[in-house]
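Reader: Hi! I'm new to looking at protein models. Could you walk me through this one?

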Amino acid sequence: SILSMGVMPREELAALGNPPMAGVLQQVVGTWGAVLVNLAVVISLAGATFTYTILASESCYAPAVQGSFTKAFTLENKRKAPMGALLITNIIIQIFLILVYFNESTYQVFYSLSASMIMVPYLLSAAYYLKLVLHEDNLSRLSGRQKAWARIFAVVGTIYGLWLLYASGLTYVLITALLYAPGTLIYIWGNRQRGEKSFQTPLDFIVLAVLLIMFAASAVLIGNGTIKPF
């Protein structure tokens, strides 16, 4: 970014289209520089699309195999690919892409929303690690120094996760309930298919109640215009 300012004036850099590096390299070496950068971007985006398609389907397929999601996500084709998870996740993705296409501000909204949503699993992962290291039995194979470092990392990770969740914006954290609450239905459905109870402890019901309250609050605030995500 700094070197590019030595190639073109700041006003011209600001006016470059995407990807801006193509315009910078074209200014330095000619047309072939822009072609090279654009080709690299195409390859990069194709790889990213492939990767995130797999990631989205695996995020549903793996919990379904373990029994947390419904059996619909475990359906496989003859090549053992997670057909059910791929179809369901890509249909949802297409719906969001259509919303982005018809609303210019929606992409930034979904970007911020996804960032807020991913903060919750990050925090819960760190908190679960903290829960594990607080029990001496789970650290029996570690030395005294390793135990100390494990507890330090767990505490720092949990505090950092809380900070990230707060920094992502309380408004977006509230809106995430609009997606997490319906997702609970999938969890309940999956447990029913296995003949198991979904909520077994008072804490489970407390978390569910908080999630439902956040869901209702988000719906009301969006409905009366207090929160405008789109």
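Author: Happy to! Let's start at Ala-219, which lies in helix H9, residues 202-223. Keep in mind that this is a predicted model.

Reader: Is Ala-219 buried, exposed or partly exposed?

Author: Ala-219 has a relative accessible area of 39%, so it counts as partly exposed.

Reader: How far is Ala-219 from Phe-102 in space?

Author: Their C-alpha atoms are 22 Å apart, and the two residues are 117 places apart in sequence.

Reader: And Arg-192 and Thr-70, how far apart are they?

Author: Those two are 122 residues apart in sequence, with 8.9 Å from C-alpha to C-alpha. Arg-192 is part of helix H8, residues 177-194, and is exposed at 68% relative accessibility.

Reader: How confident is the prediction for the protein chain?

Author: The mean pLDDT of the chain is 86, and 98% of its residues reach 70 or more. Confidence is lowest in H7, with a mean of 79, and highest in H3, at 90.

Reader: Why should I care about low values?

Author: Where pLDDT is low, the predicted coordinates should not be read in detail.

Reader: Okay, new topic. How long is H4?

Author: Helix H4 covers residues 83-102, which is 20 residues. From first C-alpha to last it reaches 29 Å, close to the expected 28 Å.

Reader: Which residues of H4 are buried?

Author: They are Gly-84, Ala-85 and Thr-89. Looking down the axis of H4, you'd find these buried residues within an arc of 115 degrees, so they line one face of the helix.

Reader: Nice. What covers the buried residues of H4?

Author: Helix H3, residues 31-66, is included in that cover.

Reader: And which exposed residues are on the face turned away from the buried side of H4?

Author: That face carries Leu-87, Ile-91, Tyr-101 and Phe-102, which are exposed.

Reader: Which residues make up the largest nonpolar core?

Author: It has 6 residues: Phe-110, Leu-113, Met-117, Leu-174, Ile-175 and Ile-227. Two elements give two or more residues to this core, namely helix H5 (106-133) and helix H7 (170-175). H5 gives the most, with 3 residues.

Reader: Which residues are in the second core?

Author: The second core is separate and has 5 residues, among them Cys-60, Tyr-61, Ala-64 and Ala-85.

Reader: Are Phe-69 and Phe-73 buried or partly exposed?

Author: Phe-69 is partly exposed, at 23% relative accessibility, while Phe-73 is buried at 7%.

Reader: Which residues form an aromatic cluster?

Author: Tyr-187, Phe-199 and Phe-205 form one.

Reader: Now the backbone. Which peptide bond is cis?

Author: The one from Asn-18 to Pro-19 is cis, with omega near -5 degrees. Pro-19 lies in the loop between H1 and helix H2, residues 20-29.

Reader: What's phi like at Lys-80?

Author: Phi of Lys-80 is near 70 degrees, a positive value in a residue other than glycine. Lys-80 belongs to the loop between H3 and H4 and is exposed, with a relative accessible area of 62%.

Reader: Last one: where is Ser-4, and what does it touch?

Author: Ser-4 is in the segment before helix H1, residues 10-14. Leaving out residues up to four places away in sequence, Ser-4 touches Leu-13 and Val-24. Ser-4 has a relative accessible area of 13%, so it is buried.

How values were computed
Residues numbered from 1 in each chain as written. Predicted model: local features only at pLDDT ≥ 70, side-chain atom pairs only at ≥ 80, totals over all residues. Heavy atoms only, no water. Helix = DSSP H or I, 4+ residues; strand = E, 2+ residues; numbered from the N terminus. Expected span 1.5 Å × (residues − 1). Buried < 20%, exposed > 50% of the residue type's maximum accessible area, 1.4 Å probe, protein only. Arc of directions from axis to C-beta. Contact = heavy atoms within 4.5 Å. Core = buried A, V, L, I, M, F, W, Y, C linked by side-chain atoms within 4.5 Å. Phe/Tyr/Trp six-rings, centres within 6.5 Å; stacked < 30°, edge-to-face > 60°. pLDDT = per-residue confidence, 0-100.
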